[in-house]
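Here are my notes on the model you sent.

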Amino acid sequence: MKFTFHDPRVDPVPVGWAEFARAARLHPVWDYEVMGLEAWGARNPQLLVVAAEGDELVAAASVLVCRPRLSPRFAPPPGKRLLRPFWAEVCQPWLSGYPGIVFAPGCRERRTLVRAFERELGRHLGPGLIAVVYRAIGDELAAGLEGRGRLVKRVDPVAVLENRFESEEDWIATLAKSRRAGLRRQRRRLAEDKTLVVRGGPARDDLDGAELAWLIRQHRDRYGRLALDTRTMPSSTFLDRFVRRPDVHTLTYTGTDGRLLAVQTLLDHPDTPVLQHWAALPPGAGGRRWLYFDSYVRAVRFTARRGAKELSAGRGMIELKQELGFRARPVYTAAVPRPVLGR
C-alpha cells in the first residue's frame with residue numbers, strides 16, 4: 001500500500017483521481033479543482049491523501065491541518081511544516097454528514113488501511129501533530145476506529161429523506177395535517193407574489209460571488225457557528241466559480257429590485273443529492289418568511305425527478321427536518337491522540 005500527499009493549491013491532480021471519484025460516486029466537493037479553490041481561502045487548508053495498490057487508487061482522505069485560534073490568521077504557504085503543535089481533521093468541508101475518508105467499491109480491510117493511513121500521516125506532518133480527528137463518520141467506520149486510547153462519540157445526526165415519491169405532492173401527502181396545509185398555503189402565496197423572483201438551476205452564471213459570500217456569512221454569524229468548527233467561510237472567489245458548475249444547483253430568491261433575499265445550493269448526485277448552503281435575510285431586514293420551507297419543496301421535487309435514492313439535508317435543526325419526513329442517521333466523531341496513531 002502506497003500513500004501520497006497532495007496539496008490541491010499547487011500540486012497536480014493525483015494520477016487516477018477522476019476514475020476513482022467516478023467509481024466511488026463522490027460528490028462535487030471532491031473535485032480536485034474545487035478542493036484547491038477552497039484551500040486557497042481557508043485558514044486550515046486541505047490536503048488530499050490517496051492510497052494506491054499498484055496503479056489503482058483504493059482510498060482517499062481530505063485532511064485539514066488545524067492550528068490553534070491564537071495562531072496567525074492566514075494559512076502557512078504550501079510545503080511549509082508547522083512548528084507549533086497542531087492537529088489534523090479528516091473531513092470534507094461543506095459536505096455535512098459525510099466523512100472525509102472514502103473507499104473504492106469492494107475495498108476490504110478498511111480498518112487496516114485506516115491504521116496505515118494514520119502512521120503515514122504522522123510521518124508526513126511531523127512531530128507537531130498531536131492528534132487526528134475524524135468528523136461525520138458512519139457506524140461501520142466508527143466501529144473500526146475504536147480501541148485503547150481512542151475516543152469515539154456519537155454527535156448530532158444527519159437528516160436523510162428516503163425517496164419514495166413521484167413528485168413533491170406525494171411527499172407533502174405523507175406529512176402531518178398542519179404541515180401539509182402550511183406548505184400548500186405557502187406555495188399558493190409564492191405563486192401569487194409579484195414582488196419575488198425565484199430562479200433555480202445548475203451552472204448559474206448570473207450570480208455575484210461576493211453577494212453570495214456576504215449573505216452566507218451574515219446568516220451563519222446570526223445563528224452562531226458550530227462548536228469547534230475549523231472551517232473558513234467560503235470566499236467570494238470560490239462561490240463565484242462553484243455555482244457555475246453543472247453539478248451544483250443554486251436556488252435564489254430576489255426582490256424585483258434585484259436584492260438577494262435567500263440562497264440555497266444543492267450538490268447533484270445520482271444517488272444522494274445534498275442540500276448544502278442555505279442563507280437568508282431575516283424578515284426584519286427585508287427577508288421573507290417561509291422561504292426555507294419552499295426550498296425544501298423544490299429540493300424534494302428535484303430528487304423525485306432525479307430518481308435518486310435519498311435526499312440529504314445535513315445536520316442541525318433535526319426535529320424540524322423530522323417534521324418534514326427526514327430520518328436521523330447516526331453520525332460520530334473519533335479522536336485519536338498521537339501516541340496511539342496507527343495502533
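1. Which ring does the charged end of Arg9 sit over? The ring is that of Trp40, with the charged end 5.5 Å from its centre. The test is NZ of Lys or CZ of Arg within 6 Å of the ring centre and within 35 degrees of the ring normal.

2. A word on the basis. This is a predicted model, where local features need pLDDT of at least 70 and side-chain atom pairs count only at pLDDT 80 or more, while totals for chains, interfaces and linings use all residues. Residues are numbered from 1 along each chain as its sequence is written, and side-chain values use heavy atoms, without hydrogens and water.

3. The largest nonpolar core has 65 residues; Trp17, Phe20, Trp30 and Trp171 touch the most other members. Helix 9 (residues 291–306) gives the most to this core, namely seven residues. A core here is a set of buried Ala, Val, Leu, Ile, Met, Phe, Trp, Tyr and Cys residues joined through side-chain atoms within 4.5 Å. Buried means under 20% relative accessible area, exposed over 50%, and partly exposed in between (1.4 Å probe, protein chains only). Helices (H or I, at least four residues) and strands (E, at least two) are DSSP runs, numbered from the N terminus.

4. What does Trp17 contact, leaving aside neighbours within four places in sequence? The partners are Leu26, Trp30, Tyr32, Met35, Leu48, Val50, Leu57 and Ala60. Contact means heavy atoms within 4.5 Å.

5. The whole structure holds nine aromatic pairs. Phe238 and Phe242 are stacked, at 5.1 Å centre to centre and 15° between the planes. Rings of Phe, Tyr and Trp (its six-membered ring) pair if their centres lie within 6.5 Å; planes under 30 degrees apart are stacked, over 60 edge-to-face, the rest tilted. The two Phe residues are four apart in helix 8 (residues 236–242), so about one helical turn separates them. Phe238 is buried at 4% relative accessible area, and Phe242 at 1%.

6. Tyr296 and Phe326 are edge-to-face, because their planes are at 80°, with centres 5.7 Å apart. This pair links distant parts of the chain: Tyr296 is in helix 9, and Phe326 is in the loop between helix 10 (318–323) and strand 13 (327–337). Both residues are buried.

7. Helix 9 is followed by Gly307, which has a positive phi, near 75°.
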